[in-house]
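Student: Can you walk me through this one? I'm new to it.
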Amino acid sequence: FRTGKTQLCHTLCVTCQMAVTDGGAEGKAIYLDTEGSFRPERLKAIAERFGMDPAVALENVAYARAHNSEHQMELLKMAAAIMSQDRYALMVVDSATALFRTDYTGRGELSERQMQMAQFLRQLTRLAEEFGVAVFITNQVVANPDGMSFAKDSTKPIGGNIIAHASTTRLRLRKGRGENRICTVFDSPTLPEAD
C-alpha cells in the first residue's frame, strides 16, 4: 500500500512512448486497471515532466477497467485486437491478482484461483511474445504467517509460485524514509539482487 506501484505504472506508460534513443520504445501502452487506481491527470503530469505533450501521451494509452476476474480475462482478448491495429510497446496490469483474490476466497477455492490466475498469466505471456510488448504487472503482499515477527520483512507476495514463475524480473517496492520509495531487484536473470 502506497509504495509507488501505480506511480511506476503511469511512468512506464509515458516513457514507453519516447524515442528509443531517449530510453523509450516508440510505442503506445495498454493499461488494464483492476483497482480503479488509474489517474489521467497523473499521467499528464508525468508527460509534462518528460517534455511530452500531455494530451498526446494520454491519447496513446488505451485504458480498460476490469470488474471481476472473468472480465479481466476478456479484456486480454480485446487487448490483442487493439495491438494488432497499431504499434504497442507496453501492457500494464495493475494489479494482476486483486480480482482473483476477491473472486476466489478461502482455502476451498485456492486451487481454482491458482488455475485461473495461471491461465491469465499464460495469456499475458502469449500476448508479449506475439506482439513484442513488455508486460508489467503489479501484485499485492500479505502478512506471512510462517515468518518470524522479528524478521526484516514479514510479508509475501500473493499468487505464490504461479506469479513467480510467470515473471522474468521481480521487483519489490517499499516505503523508505519520508517520501522516498525503495525498489529492490528481487529476482532477475540479468540484474543482480540489490536495492
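Tutor: Let's go through the cores and then a helix pair.

Tutor: This is a predicted model, where local features need pLDDT of at least 70, side-chain atom pairs count only at pLDDT 80 or more, and totals for chains, interfaces and linings use all residues. Residues are numbered from 1 along each chain as its sequence is written, and side-chain values use heavy atoms, leaving out hydrogens and water.

Student: How many residues has the largest nonpolar core?

Tutor: It has 23. Leu 32, Leu 76, Met 83, Met 91, Phe 120 and Leu 124 have the most contacts inside it. A nonpolar core is a set of buried Ala, Val, Leu, Ile, Met, Phe, Trp, Tyr and Cys residues joined through side-chain atoms within 4.5 Å. Buried means under 20% relative accessible area (1.4 Å probe, protein chains only).

Student: Which residues does Leu 124 touch, leaving aside neighbours within four places in sequence?

Tutor: Leu 76, Met 91, Val 93, Val 135 and Ile 137. Contact means heavy atoms within 4.5 Å.

Student: And what lies apart from that core?

Tutor: Another core, of 18 residues, including Cys 9, Phe 38, Met 52 and Ala 89.

Student: New topic. At what angle do H1 and H2 pack?

Tutor: About 55°, with axes 9 Å apart. H1 covers residues 5-15 and H2 covers residues 40-49. Helices are DSSP runs (H or I, at least four residues), numbered from the N terminus. Axes are lines fitted to C-alpha atoms over the stretch in contact, and angles run from 0 to 180 degrees between N-to-C directions.

Student: Which residues meet there?

Tutor: Gln 7, His 10, Thr 11, Cys 13 and Val 14 in H1 meet Arg 42, Leu 43, Ile 46 and Ala 47 in H2.

Definitions and conventions: Buried < 20%, exposed > 50% of the residue type's maximum accessible area, 1.4 Å probe, protein only. Helix = DSSP H or I, 4+ residues; strand = E, 2+ residues; numbered from the N terminus.
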